[in-house]
Amino acid sequence: MAISPKILKKFKLFVDGKGYLGIADEIQLPKVTVKTREVTSGFQAPVELDVGQLEKLEGTITLLEYNADMMKLLGDWSGATTPLTARGAIQAQGEAPVPVVVTLEGFFKEVDMGSWKDGEEAKLTLQYAIQKYKLQIGQDVIYEIDLYNDVRTVNGKDQMAALRAAIGA
C-alpha cells in the first residue's frame, strides 16, 4: 500500500469569537524557532546552544475582503489580547480526517490593504503579534507556549519549568 501525505482539507477561522468561513483565504501560522547562541571555544566546529528563549512569534491572516470588524482590531492593546482560533482537518487518501486546532492570543500590529484591481477581491492582510500559541493535532497537544508566564511545553513537557524553578518563579 502506498503512503500518501495528509492534506489540509478546509479550515475555519475565528477571531475575537467571530467566524470567517469563506472570507479567510489564508493563514500563515507562527514559525517556532528556538533562539540559540553559537559557541566555538575548544570545538572543531560551532555548537549551537539553546539560550532559553524563542524568536518572535507572529503570523498573518489574509481575507478576501476589506473587513471593517477585523480592521478595527489594529493595535487594540486595551489590557486583553485578541483570541484567534483556526480549525482545519488533515487527511491522507483512504484515512479518516484528523482535526488540527491552532489557538493564538495576541494583537494585530499591521493592516495591509494591498493594491486595487478592478474585478478582483479587495484582499486584506493582517499581521498578528502572538503571546500565546497552542497547536493540537488530533488528541496530541504539540505546542503550548505562553510567553508572559514563561511556559514552553512541547509534547507534554514544559521545557522552561526547571529554569523557572531555578530563579524562584
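Is Lys56 buried or exposed? Lys56 is exposed, with a relative accessible area of 59%. Here, buried means under 20% relative accessible area, exposed means over 50%, and partly exposed is in between, using a 1.4 Å probe and protein chains only.

## About the model

This is a predicted model, in which local features need pLDDT of at least 70 and side-chain atom pairs count only at pLDDT 80 or more, while totals for chains, interfaces and linings use all residues. Residues are numbered from 1 along each chain as its sequence is written, and side-chain values use heavy atoms, with hydrogens and water left out.

## Salt bridges around Lys56

The structure has 8 salt bridges, each being a side-chain nitrogen of Lys or Arg within 4 Å of a carboxyl oxygen of Asp or Glu. In one of them, Lys56 pairs with Glu58, and their closest N and O atoms are 3.9 Å apart. Glu58 is partly exposed, at 25% relative accessibility. A network of salt bridges links Lys56, Glu58 and Lys109.

## A link across the sequence

Asp25 and Lys123 also form a salt bridge through their side chains, at 3.1 Å from N to O. Asp25 sits in strand β3 (residues 24-28) and Lys123 in the loop between β8 (98-112) and β9 (124-137), so this pair ties together parts that are 98 residues apart in sequence. Strands are DSSP runs (E, at least two residues), numbered from the N terminus. Asp25 is partly exposed at 32%, and Lys123 is partly exposed at 35%.

## A buried partner

Arg164 and Asp158 meet in a salt bridge with an N to O distance of 2.6 Å. Arg164 counts as buried, at 16% relative accessibility.

How values were computed
Helix = DSSP H or I, 4+ residues; strand = E, 2+ residues; numbered from the N terminus.
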